[in-house]
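Here is a short briefing on one structure. Look over the sequence and the model, then read the points by topic.

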Amino acid sequence: QVQLVESGGGLVQAGGSLRLSCAASGSFFNIIAMAWYRQAPGKQRELVASITSGGTTNYADSVKGRFTISRDNAKNTVFLQMNNVKPEDTAVYYCNADLRRSDLMIRDYWGQGTQVTVSS
């Protein structure tokens, strides 16, 4: 069974920094891509950033230049470095991973979410 476990959320002041981590565990063949999404109260879940196994990254316009996604392939872990955070970054952040299982089927997995609150 595959699990994505997030950590690093919390309360931070505007202009500050926070680093989120997400580790994938369980039985799978490899990770194709990992991403961070977020969902603020009353809003739809949105993509924040993604990274492929080859290191290609993609960012939402709202976080470009402030957030950096990276991954440690050896540890099956993805990170989101959040700098110069703003109150509008307040949301529950979810880790997402596209994994190829041992039967070579590709499946989409989600973490449980971690709250990020930015105070003004």
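In what sense do E5 and strand E6 (residues 57-59) pair, and over how many bridges? E5 and E6 pair in the antiparallel sense, over three bridges. Strands here are DSSP runs of E, at least two residues long, numbered from the N terminus. Two strands pair if DSSP finds at least two bridges between them.

This is a predicted model: local features need pLDDT of at least 70 and side-chain atom pairs count only at pLDDT 80 or more, while totals for chains, interfaces and linings use all residues. Residues are numbered from 1 along each chain as its sequence is written, and side-chain values use heavy atoms, with hydrogens and water left out.

**Hairpins**
- E5 and E6 form a hairpin with four residues between them. Glycine 55 in that turn has a positive phi of about 100 degrees.
- E4 and E5 also pair in the antiparallel sense, over six bridges. The bridge partner of alanine 33 is threonine 52 in E5.
- The E4-E5 hairpin has six residues between its strands. Its turn holds glycine 42, with a positive phi of about 80 degrees.

**Open sheet**
- Four strands form an open sheet in the order E1-E3-E8-E7, with antiparallel pairing.
- Strand E1 (3-7) and strand E7 (67-72) stand at the edges; each has a single partner strand, so one side of each is left without a neighbour in the sheet.
- E1 joins strand E3 (residues 18-25) through five bridges, and the two run antiparallel. Serine 7 has serine 21 of E3 as its bridge partner.

**Disulfide**
- The structure holds one disulfide, meaning a pair of cysteine sulfur atoms within 2.5 Å.
- Cysteine 22 and cysteine 95 form this bond, with their sulfur atoms 2.1 Å apart.
- The pair links distant parts of the chain: cysteine 22 lies in strand E3 and cysteine 95 in strand E9, 73 residues apart.
- The torsion about the S-S bond of cysteine 22 and cysteine 95 is about -80 degrees, so the disulfide is left-handed.
- Both cysteine 22 and cysteine 95 are buried (under 20% relative accessible area, 1.4 Å probe, protein chains only).

**Nonpolar core**
- A nonpolar core is a set of buried Ala, Val, Leu, Ile, Met, Phe, Trp, Tyr and Cys residues joined through side-chain atoms within 4.5 Å.
- The largest one has 32 residues. Trp36, Leu80, Met82 and Tyr93 touch the most other members.
- E9 gives the most to this core, with five residues.

How values were computed: Buried < 20%, exposed > 50% of the residue type's maximum accessible area, 1.4 Å probe, protein only.
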